[in-house]
Amino acid sequence: SDQIWLTGGLSVVSSRPVMRSDGSGPPAGYLVTARTLGKEELVELNALTRLSFTFSKSSESAEPSTII
C-alpha cells in the first residue's frame, strides 16, 4: 500500500494481483482499492496505534522522501 493525495484528501491505495485460487499461472489482472482518510480515521489510527502523527501535503518541488 501507499499513500497519495487525491482531490478528496489523503488516500491509502493498495493493489494486488488477481490469481487463480491455486496461485498458478500469471496474474489475470490487478485489483486496486483506495480509501480516503478523513479526520475521523486519522484520530482512530492515532488511538489504535498509540502514536501521534499527522499528514501534510508537501510542495510539488520537494524531493520525494521515504515513508517509514
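Start by selecting Leu-37, which touches Leu-10, Ser-11, Val-12, Leu-42 and Leu-45, leaving aside residues up to four places away in sequence; touching, or contact, means heavy atoms within 4.5 Å. The model is a predicted one, where local features need pLDDT of at least 70, side-chain atom pairs count only at pLDDT 80 or more, and totals for chains, interfaces and linings use all residues. Residues are numbered from 1 along each chain as its sequence is written, and side-chain values use heavy atoms, with hydrogens and water left out.

Stay on Leu-37. Its place is in the loop between S3 and helix H1 (39-49). Helices (H or I, at least four residues) and strands (E, at least two) are DSSP runs, numbered from the N terminus. Leu-37 counts as buried because its relative accessibility is 15%; buried means under 20% relative accessible area, exposed over 50%, and partly exposed in between (1.4 Å probe, protein chains only).

Ser-11 lies in strand S2 and, at 1% relative accessibility, counts as buried. Show its side chain together with that of Thr-36: a polar contact of 3.2 Å joins the two. A polar contact is a pair of N or O atoms within 3.5 Å; within protein, one must be able to donate a hydrogen and the other to accept it, and residues adjacent in sequence count only if both atoms are side-chain atoms.

Select residues 9-18 and 29-36 to see strands S2 and S3, which pair in the antiparallel sense over eight bridges. Strands pair if DSSP finds at least two bridges between them. Within this pairing, Ser-14 has Thr-33 in S3 as its bridge partner. How many of the eight residues of S3 are buried? The count is zero, and the strand is hardly covered. In a regular strand the side chains alternate between the two faces of the sheet.

Move along S2 to Ser-15. Ser-15 is partly exposed, with a relative accessible area of 44%. Leaving aside residues up to four places away in sequence, Ser-15 touches Leu-31 and Val-32.

Now select Arg-35 and Glu-41, whose side chains meet in a salt bridge (3.7 Å, N to O). A salt bridge is a side-chain nitrogen of Lys or Arg within 4 Å of a carboxyl oxygen of Asp or Glu. A search of the whole structure finds one. Arg-35 counts as exposed at 54% relative accessibility, while Glu-41 is partly exposed at 22%.

Go on to Arg-50, in the segment after H1. Its phi is near 55°, a positive value in a residue other than glycine. Is Arg-50 buried or exposed? Arg-50 is exposed, with a relative accessible area of 77%.

Finally, display the whole protein. There are one helix and three strands, in the pattern β-β-β-α along the sequence. Of its 68 residues, 7% count as buried. The protein exposes about 6,100 Å², and carbon and sulfur atoms supply 54% of that; accessible areas come from the Shrake-Rupley method with a 1.4 Å probe, and for residues only the protein chains shown count as cover. Among contacts with a separation of 6 or more, 22% are between residues 24 or more positions apart.
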